[in-house]
Amino acid sequence: MTSNTSPFTITRALRGNFFDIGGIIKTPAEIEANARYLEDGMMFLDGGKIVWLGSREEGEKTLMELSYPVPLDDYRDKLLVPGFIDTHIHYPQTEMIGAYGEQLLEWLNNYTFPTEAQYHDIDYANKMSKFFVDQLLNNGTTTALVFGTVHPQSVDALFTVAAALNMRLIAGKVMMDQNAPDSVLETPEESERDTRTLIDRWHNHKRLSYALTPRFVPTSSPELLAKVRQIRQEHPDIYLQTHLCENVDEISWVKSLYPEHQGYLDVYHDYGLTGSRCVFAHCIHLHDAEWDCLHDTDSSIAFCPTSNLFLGSGLFDINTSWQKQVRLGMGTDVGAGTSFSMLQTLGEAYKVGQLQKYRLSAFEAFYHATLGGARALHLDDKIGNFEAGKEADIVVLDPSATALQQLRTGNCKTLAEKLFVLMTLGDDRNIFRTLVDGKVVYQRPD
């Protein structure tokens with residue numbers, strides 16, 4: 001690769017230890033076989049794209065032969081991984097994270113709906129959007145699937161912040177017309193009008209995508225679900241995000257509201273709201289037929305362990321998601337989830353697995369937070385690992401950010417051990433740098 005023969009331009013070089021997972025994964029056993037670790041390697045970027053990854057020696061030779069200077073970021077004692085992907089999070093719930101003492105339905109009424117009512121104020125939405133995106137980046141999350149509130153200005157504010165960073169973000173205004181306070185309700189007609197306006201304004205603008213966002217079945221009338229179906233039919237590349245089978249009382253409520261349907265998922269499916277780019281959060285209490293429907297329609301699940309434990313909702317069945325071959329990503333689910341940190345979320349996922357005698361390996365955990373999450377969002381052609389041509393969203397991790405981590409990492413003999421320590425002892429302190437679109441957007445304070 002010389003300046004005369006190189007097929008690409010190099011605008012930035014990164015030196016460090018690189019870890020990612022490649023290939024098409026169908027079983028947990030295939031993950032470790034496809035894990036790639038390059039010690040003291042080098043990566044070349046061309047703007048916001050990865051163009052080459054290889055040995056430091058070859059990289060240095062290439063840089064010396066170029067006819068133009070290239071800035072080099074030296075992270076030789078750090079671990080570089082693909083940017084984390086959060087497949088389920090509520091940005092307006094940031095300020096109520098850690099609200100005490102309720103399960104799902106009571107928690108919504110006592111905390112969530114009053115908090116979300118504030119987002120009718122665009123100035124407030126602007127302030128909280130900036131805070132929210134900063135929290136994502138401070139924790140190494142570079143792509144997220146995000147709930148707004150029922151207010152369209154909540155989504156305008158969020159997308160404006162993300163667009164300024166050229167961040168890959170998917171979001172939508174909540175759609176709900178029943179069984180909630182008037183301050184967070186709308187009519188089906190208002191919901192359709194505001195949603196269409198937001199789609200026209202933001203969908204496929206830069207690296208942004210829109211997600212139809214009916215909150216969940218209990219807050220959705222048949223008329224509203226019919227509107228969602230119509231919009232989705234007209235925009236086949238659009239996303240849909242909602243909740244499914246999170247709580248046993250929620251499931252009973254759905255049965256009372258829609259008695260003519262066979263189950264919770266059947267309501268969505270009957271309205272054409274399953275399929276590619278449809279992401280269902282939680283999915284703790286699924287029947288076999290619902291698992292099969294998710295597989296057959298190529299729908300995805302967002303696994304939200306900290307939220308499921310915090311609200312006492314139950315334990316997600318990781319093993320069955322593999323057996324049924326359902327796409328799976330990780331979700332922090334802030335604010336029922338108790339951390340923006342994907343590292344902490346993976347640590348809780350391990351504990352959920354342990355309670356069901358499922359041994360979640362560090363390799364599998366990092367897969368779900370990177371390439372697996374990209375597959376769940378049908379973005380694995382763009383993000384999720386370090387293949388040439390992928391977008392340059394990268395997290396630089398410091399494995400020894402604390403004295404305890406330094407001690408524990410020093411005793412590790414394998415990469416798997418080091419990754420496991422990161423996901424069990426790690427948090428935002430381990431995020432040394434976050435790159436979005438090839439640019440540093442977060443730098444840990446000294």
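Select Val 436 first: this residue stands opposite Lys 439 in strand 16. Strands here are DSSP runs (E, at least two residues), as helices are (H or I, at least four), numbered from the N terminus. The model is predicted: local features need pLDDT of at least 70, side-chain atom pairs count only at pLDDT 80 or more, and totals for chains, interfaces and linings use all residues. Residues are numbered from 1 along each chain as its sequence is written, and side-chain values use heavy atoms, with hydrogens and water left out.

Show strand 15 and strand 16 (residues 439-443) together. They pair in the antiparallel sense over four bridges; pairing takes at least two DSSP bridges between two strands. Two residues lie between the strands of this hairpin, and Asp 437 takes a positive phi near 55°.

Now colour strand 15 (residues 431-436) by burial. Six of its six residues are buried, so the rest of the structure largely encloses this strand. Buried means under 20% relative accessible area (1.4 Å probe, protein chains only).

Strand 14 pairs with strand 15, antiparallel, over four bridges. Val 396 stands opposite Arg 433 in strand 15.

Move to strand 1 (residues 12-21) and strand 4 (residues 72-82). They pair in the parallel sense over six bridges. Select Leu 14: it stands opposite Asp 73 in strand 4.

Definitions and conventions:
Buried means under 20% relative accessible area, exposed over 50%, partly exposed in between (1.4 Å probe, protein chains only).
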